[in-house]
Amino acid sequence: MNKTPWYKNAIFYELYVRAFRDSNADGHGDLRGVIEKLDYLQFLGVDCLWLLPIYPSPLKDDGYDIADYYDIHPDYGILADFEALIRAAHARGLRVITDLVLNHTSDQHPWFQAACADRNSPYRDYYVWSDSDQKYKEARIIFLDTETSNWTWDEQAGQYYWHRFYSSQPDLNFDNPAVQEEMLNVARFWLELGIDGFRVDAPPYLFEREGTNCENLPETHAYLKRFRAFVAQINPQAVLLSEANQWPEDVRPYFGEGDEMHMNFHFPLMPRLYQALAQADRTPIVEVMRRTPPLPANCQWATFLRCHDELTLEMVSPEVRQFLWETYAPEPRMRLNLGIRRRLAPLMNNDHRKIELLYSLLFSLPGAPTLYYGDEIGMGDNIWLPDREGVRTPMQWVAEPPHGGFAPPEAQPYAPVINDPVSGYAQVNVASQMDDPNSLLHTVRRMIVLRKAHPTFGEADLTWLETPKAVAAFLRPGPEETLLAVHNLSAHPQTIPLPTGRFTGLLDERIVQGHLTLPPYGYWWGRISTT
Ligand code: GLC
């Protein structure tokens with residue numbers, strides 16, 4: 001019997017419901033729209049959908065400001081639609097996880113409203129209050145471009161409240177046992193509706209302690225372990241995919257002894273893929289993988305190139321951050337907080353060789369790859385929209401105006417569909433790429449098929465080959481086969497010596513031995529059977 005947990009070899013697909021498909025012409029994508037597109041997702045071959053927050057919310061942070069944990073945002077549908085989506089996805093062998101925000105609520109949440117209105121309300125202690133804004137000074141500010149303090153004065157409450165993100169997102173007080181219970185109940189509710197786990201938003205910040213930076217505290221880990229045990233009781237297969245944006249050694253405790261989070265995003269790896277490509281030098285990738293600690297057997301990294309947030313540069317040195325900003329975000333509008341608010345294709349100047357090269361690294365390095373909707377077709381971005389909205393525009397399905405298949409013609413989309421001459425829906429859309437076997441969509445799909453057919457990619461060790469630094473070549477030695485992935489990070493052809501043996505191409509049919517020559521930004525996957 002294969003005991004490998006499903007998520008270790010899964011491909012995740014991050015999907016913003018508002019942006020995917022509007023089924024009722026109100027201008028907002030909805031759950032019924034996602035159901036309409038499940039055939040597409042099945043064709044693409046992904047295993048698990050990760051839905052951005054779908055709860056009622058004033059949407060000051062696109063739903064990461066939750067006003068009710070037990071319902072669906074009316075723009076997206078009703079709970080019955082959600083149940084229908086779960087059923088339809090499961091019928092196709094697709095899993096679904098949703099974003100769960102433990103750390104904070106919206107300031108519109110009835111708990112916060114009650115807390116502000118009455119000092120004696122039992123909800124007062126659901127949040128973190130102070131008469132001064134001088135506590136916890138060592139905690140950094142995350143939304144640097146918007147917030148000047150982690151404390152905001154509430155006139156009605158007559159005190160300051162604590163928030164790690166926007167001031168419209170008051171932090172919950174996890175020192176209060178009632179808050180801890182509330183979040184277990186929320187988890188139970190969604191698990192009983194049939195979901196396959198959660199993407200756990202912003203876990204490092206649950207507790208505050210004076211004299212610390214209020215991140216990764218022992219109390220936080222203790223609660224996450226309790227949360228995990230509770231989730232496992234309800235659904236032992238459910239996954240917790242955590243978003244601890246931390247250095248490898250600080251992330252490692254989030255996996256516990258295999259009894260905390262099942263997965264965590266590999267934040268330090270992501271910017272180094274871009275750095276290695278820009279500098280034609282594999283060193284940053286080699287170093288970060290060397291610094292990546294081994295995980296308990298039932299855990300896995302989630303790897304990614306882009307997501308719904310800015311391409312965060314928190315996990316690089318100030319010098320590298322400056323270099324990456326200058327390389328990939330030459331205009332100030334392209335930058336946000338400590339990151340870059342652009343999508344994959346424009347970051348690569350729409351050079352398909354480079355886009356494919358990055359995908360090849362994503363699919364052949366250890367970890368479970370996570371795709372961001374639209375990046376499989378090379379969608380563009382819109383840097384004229386504020387905050388992170390420019391990377392959350394409507395999905396581009398067909399070439400037809402006015403909305404490229406996102407919404408019926410009479411709808412007024414929540415954001416303009418990209419229609420510039422390079423990345424607009426007339427040029428970049430699912431339908432035309434489906435028809436073209438050489439399209440990015442087909443290339444990504446082929447990589448997905450191979451990645452799934454060869455679990456060695458997800459599980460085996462990583463051994464680097466001695467090559468010129470412009471080449472990132474590694475072996476993945478599994479019990480039945482050894483896989484080889486070779487990447488030319490440079491604009492010049494590169495020839496490298498191969499280990500002994502005859503390698504059979506996975507993406508093409510070539511048999512290669514001795515040497516391999518790659519064109520500029522070329523890549524190649526091969527295998528040797530070891531049985
Ligand atoms: C996470 C989300 C981000 C959100 C923040 C606050 O970092 O990815 O989109 O703004 O949490 O909830």
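This is a predicted model: local features need pLDDT of at least 70, side-chain atom pairs count only at pLDDT 80 or more; totals for chains, interfaces and linings use all residues.
User: Is Arg21 buried or exposed, and which backbone oxygen does the side chain of Arg21 reach?

Analyst: Burial is read from relative accessible area (buried under 20%, exposed over 50%, partly exposed in between, with a 1.4 Å probe and protein chains only). With a value of 15%, Arg21 is buried. A polar contact is a pair of N or O atoms within 3.5 Å; within protein, one must be able to donate a hydrogen and the other to accept it, and residues adjacent in sequence count only if both atoms are side-chain atoms. The side chain of Arg21 reaches the backbone oxygen of Gly405 at 3.0 Å. Asn488, in strand 17 (residues 481–488), is buried at 0% relative accessibility, and a polar atom of the Asn488 side chain lies 2.9 Å from the backbone oxygen of Pro519.

User: How many salt bridges does a search of the whole structure find?

Analyst: A salt bridge is a side-chain nitrogen of Lys or Arg within 4 Å of a carboxyl oxygen of Asp or Glu. A search of the whole structure finds 27 of them. One of these joins Lys60 and Asp107, whose closest N and O atoms are 3.9 Å apart. Lys60 lies in the loop between strand 2 (48–51) and helix 4 (79–91), and Asp107 in the loop between strand 3 (95–101) and helix 5 (110–117), so the pair ties together parts that are 47 residues apart in sequence. Lys60 is partly exposed at 45% relative accessible area, whereas Asp107 is buried at 14%.

User: How far apart are the closest N and O atoms of Glu181 and Arg226?

Analyst: They are 2.6 Å apart, and Glu181 and Arg226 form a salt bridge. This pair, too, links distant parts of the chain, with Glu181 in helix 6 (residues 177–192) and Arg226 in helix 7 (residues 218–234), 45 residues apart. Glu181 is partly exposed, with a relative accessible area of 38%, and Arg226 is likewise partly exposed, at 35%.

User: Are Asp201 and Arg199 buried or exposed, and which residues are linked in a network of salt bridges?

Analyst: Asp201 and Arg199 are both buried, and their side chains meet in a salt bridge at 2.7 Å, N to O. The network links Asp61, Asp62, Asp309, Asp387, Arg388 and Arg392.

User: Which residues around the ligand come nearest, and where does the ligand sit?

Analyst: A residue is near a molecule if one of its heavy atoms lies within 4 Å of it. Of the 13 residues around the ligand, Asp61, Asp201, Glu243, His308 and Asp309 come nearest. An oxygen atom of the ligand is 2.6 Å from an N or O atom in the side chain of Asp61, and the corresponding distances from a ligand oxygen are 2.9 Å for the side chain of His104 and 2.7 Å for that of Glu243. The protein covers 96% of the 310 Å² of accessible area that the ligand has on its own, where areas come from the Shrake-Rupley method with a 1.4 Å probe and, for residues, only the protein chains shown count as cover. The ligand sits in the largest cavity. On a 1 Å grid over the protein atoms alone, a cavity is a set of points where a 1.4 Å probe fits but cannot get out, and a molecule sits in it if more than half of its atoms lie within 2 Å of its grid points.

User: What is the phi of Ala202, and what is the phi of Asn350?

Analyst: Ala202 has a positive phi of about 45 degrees although it is not a glycine. Ala202 is found in the loop between strand 7 (197–201) and helix 7, and counts as buried at 2% relative accessibility. Asn350, also not a glycine, has a positive phi of about 60 degrees; Asn350 is placed in the loop between helix 12 (344–347) and helix 13 (352–364) and counts as partly exposed at 29%.

User: Is the peptide bond from Pro401 to Pro402 cis or trans?

Analyst: That bond is cis, with omega near 0 degrees, and Pro402 lies in the loop between strand 14 (368–372) and helix 14 (430–434).

Notes: Residues are numbered from 1 along each chain as its sequence is written. Side-chain values use heavy atoms; hydrogens and water are left out. Helices (H or I, at least four residues) and strands (E, at least two) are DSSP runs, numbered from the N terminus. On a 1 Å grid over the protein atoms alone, a cavity is a set of points where a 1.4 Å probe fits but cannot get out, and a pocket is an open set with protein on both sides within 12 Å along at least five of seven lines; lining residues have an atom within 4 Å of a point.
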